[in-house]
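Biologist: Could you walk me through this structure, please? I am new to it and would like to start with its pockets.

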Amino acid sequence: QQSYVVGGYPSMSRKDPAYQAFQLANTAFGGQFASRINLNLREDKGYTYGVRSMMISFRDGGMFMVTAPVETPSTRPSLDEILKEMSDIRGPRPLSDTELADSRNRLIMGFPQQFQTFGGVAGGLGTILLNDLPLDDWQTFSDRVEGLTAARVAEVIDRTIDPARMVWVIVGDWAVIAEDLKALDLGEIEVVDQGTS
């Protein structure tokens, strides 16, 4: 039995100048299998088959999100660990040079994959046009990612990864997880009971 955990809040648009720096930071934080939160919750703790973070961005706004299907008894400790990782990356444990280099390489080396099909090329063109991105966005991608400094990435992390802003939606067995969630002091809790089918 599982709880499906989703957390997030409004964040940057696709055309935000900080978008690429966020992508670099998020690759290390929660955007790949070897990310901090996945290594913690899946590989170390065994709470989930996978946890991810992402930025869902549109022309005029977006949303930062973390998603994790976790074993029901692990609902509270999973939230604890996600919030801890969000706090740590903002100060106590910033991204290391190795994490930054690995994320940079993954973004640059993975970039051409979107052009493997006609649909991928069309989708990429659509992203450029719909979001008012520069027409040379593809040509300058690698140089922009290479040029991101640790200080710039840290600045964007401070702006976009904020545990205090998280709004959580948890689908699970309320009878089992209620007391644990109340003890977390996440703010007001609204229970939507869908009953049984």
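Biologist: How much space lies in the largest pocket?

Modeller: This is a predicted model, where local features need pLDDT of at least 70 and side-chain atom pairs 80 or more, while totals for chains, interfaces and linings use all residues. Residues are numbered from 1 along each chain as its sequence is written, and side-chain values use heavy atoms, without hydrogens and water. A pocket is an open set of points on a 1 Å grid over the protein atoms alone, where a 1.4 Å probe fits, with protein on both sides within 12 Å along at least five of seven lines. Probe spheres set on the points fill the volume, which for the largest pocket is about 600 Å³.

Biologist: Which element gives the most to the lining of the largest pocket?

Modeller: Lining residues have an atom within 4 Å of a point, and 19 of them line this pocket, with Trp 168 and Ile 170 among the closest to its centre. E4 and helix H8 (174–183) each give two or more; helices (H or I, at least four residues) and strands (E, at least two) are DSSP runs, numbered from the N terminus. The most, five residues, come from E4.

Biologist: Which are the edge strands of the sheet?

Modeller: Strands pair if DSSP finds at least two bridges between them. Four strands form an open antiparallel sheet in the order E2-E3-E1-E4. Those that pair on one side only are E2 (52–57) and E4 (167–171).

Biologist: What is the bridge partner of Met 55 in E3?

Modeller: E2 and E3 (residues 62–71) pair in the antiparallel sense over six bridges. In E3, the partner of Met 55 is Phe 64.
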